[in-house]
Amino acid sequence: MTLWFWRSRSNKYVVRVEIAAAAMDLRGRMRAVREMSSPAGSVDWESAREIAGKCDSQFVAAARALPFLERRLALAWERALVMSCWYARGDRHGFELLEERGFALMAVLPQGVEASVCREFVDAVDHRNEMGSRVDGVGESVSAAEPALVEVNQKALRRRMKDERQLIVLESVIGGQSGRLGQSLRHYVPWLDFACEYLEDPREVQELEMLVARWRIERSKYVVENPDYAHVRIVGADTAQCGPRQGEDL
């Protein structure tokens, strides 16, 4: 079974060709950052990361035009690429193998990808993410109770992210930049900026849920305080609980 959906063949093909080209561009920029000879923190390195980060955000936004399974494939590949090129983690090699496999699938996406192959790849990336989180100390107890979810609409979600950004910046001013906080400023704060910019325009519930899932992953790398802060549930504007303001539960 190939991933064909109820769209005109020409429209589907154009979207797939554009995504495949965007994947090639993103991969080149990410790898350039990883292979730069300039030291981390240099002007050239930061500039390359900024360009690659914007390219990454544009790719994620463009992937929303794909049908469901193909979108999951694109985002899973992007995740493997980010983990193999963007972060210096002990499990980089495992993600690099997945990234190579996923990029081969992205390259043939215009011709269609078998649904079973797509699901297998997505499951493999999800499993690698889960194992990495356990190594980092996240989710160590499988039997632990899930945290209570705070109900938020899009406006409340954006405010929640902006509050966290402001708190990180404030903490850096008061306590200085070192260790995990420095990593948060260089990598997590820019991601929050991109997310808040993305939330400036109206989004569908499914899009917000995808963003929240990504937020939880990104946050777990840099923030250890109040680990449940990103555990939110998207609801309609009329039923959302605005949630705590800055500093109330961080």
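Colleague: Which residues does aspartate 56 touch, not counting residues up to four places away in sequence?

Modeller: Bear in mind that this is a predicted model, where local features need pLDDT of at least 70, side-chain atom pairs count only at pLDDT 80 or more, and totals for chains, interfaces and linings use all residues. Residues are numbered from 1 along each chain as its sequence is written, and side-chain values use heavy atoms, with hydrogens and water left out. Taking contact as heavy atoms within 4.5 Å, aspartate 56 touches Leu26, Met30, Glu78, Val82 and Arg214.

Colleague: Is aspartate 56 buried or exposed?

Modeller: Aspartate 56 lies in helix 2 (residues 43-63); helices here are DSSP runs of H or I, at least four residues, and strands are runs of E, at least two. Buried means under 20% relative accessible area, exposed over 50%, partly exposed in between (1.4 Å probe, protein chains only). Because its relative accessibility is 10%, aspartate 56 counts as buried.

Colleague: And valine 17, how does that count?

Modeller: Valine 17 lies in helix 1 (residues 9-35). Its relative accessibility is 34%, so valine 17 counts as partly exposed.
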